[in-house]
Amino acid sequence: MNYIPWKLLRSWRCLACGSCCKKYVVDLTWEEYGKIGKFWPDKVRIKKGKPYLARKMGGSCPFLYGRLCYLQMLNMKPFACKVWPFRVLLKPDKLDKNFDGLYLSGNREYFIYINPKCFGINRGDPADFEKTIEEVINLWNGSNQQQYYSTNKDIDFKKDSLMANVGSREPDR
């Protein structure tokens, strides 16, 4: 797939449409596999030596409730989900001949690309675009900061608020 260099876009915003949660397999780190598997062993899988989240019968993530991510409320949202639809590289993509993905953060060069299948492309506030990219880079570099720009800003992910929206039930078994 040809990802779009960030400089070719005006903005991005998570619409909380759930499309990414319904279409894509979520790869997990081994740490995420252990944490999630501890509570929901039936929701994690290993294929060809790589951990990932299982899917519901309809194909969506088992932790998707309407527009909400149950794992985000628990501070267990997988890294792959935190940075989607962004792709962060230290070298340009081979198709990026003009270095349109180049982004300078601090004293370091990154190359930022966005999955063209995301519906949030050019739907956000242009003033927030670089803040979003900075947040994604921080997450990519291992920061445990709370997501704000790189997730839907209209949904309050505080535990009490989320529990009011999805009830006190756990993900379906």
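How many disulfides does a search of the whole structure find? In this predicted model, the search finds zero. Cys-14, for example, is in no disulfide, and the nearest cysteine sulfur, belonging to Cys-20, lies 6.5 Å away. A disulfide would need the two sulfur atoms within 2.5 Å. Cys-69 also counts as buried, because its relative accessibility is 18% and the cut-off for burial is under 20%.

Helix α5 comes next. It runs over residues 126-140, and at 1.5 Å a residue its 15 residues should span 21 Å; the C-alpha atoms at its ends are 22 Å apart, so the two values agree. At the start of α5, the backbone nitrogen of Ala-127 has a side-chain oxygen of Asp-125 within 2.9 Å. Just after the helix, Gly-142 adopts a positive phi of about 100°.

Which residues of α5 are buried? They are Asp-128, Phe-129, Thr-132, Ile-133, Glu-135, Val-136, Ile-137 and Leu-139. In an α-helix there are 3.6 residues a turn, so residues three or four places apart point the same way. The cover over the buried residues of α5 includes helix α4 (79-83) along with the strands β6 (86-89), β7 (102-105) and β8 (108-114).

Lys-82 is buried yet has no salt bridge, and the nearest side chain of opposite charge, Glu-32, is 6.3 Å away. Beyond its neighbours within four places in sequence, Lys-82 is in contact with Lys-77, Leu-139, Gln-147 and Ser-150. Of these, Leu-139 is also one of the buried residues of α5.

How values were computed:
Residues numbered from 1 in each chain as written. Predicted model: local features only at pLDDT ≥ 70, side-chain atom pairs only at ≥ 80, totals over all residues. Heavy atoms only, no water. Helix = DSSP H or I, 4+ residues; strand = E, 2+ residues; numbered from the N terminus. Expected span 1.5 Å × (residues − 1). Buried < 20%, exposed > 50% of the residue type's maximum accessible area, 1.4 Å probe, protein only. Contact = heavy atoms within 4.5 Å. Polar contact = N/O pair within 3.5 Å; in protein donor to acceptor, adjacent residues only side chain to side chain. Lys, Arg positive; Asp, Glu negative; His and termini not counted. Salt bridge = Lys/Arg side-chain N within 4 Å of Asp/Glu carboxyl O.
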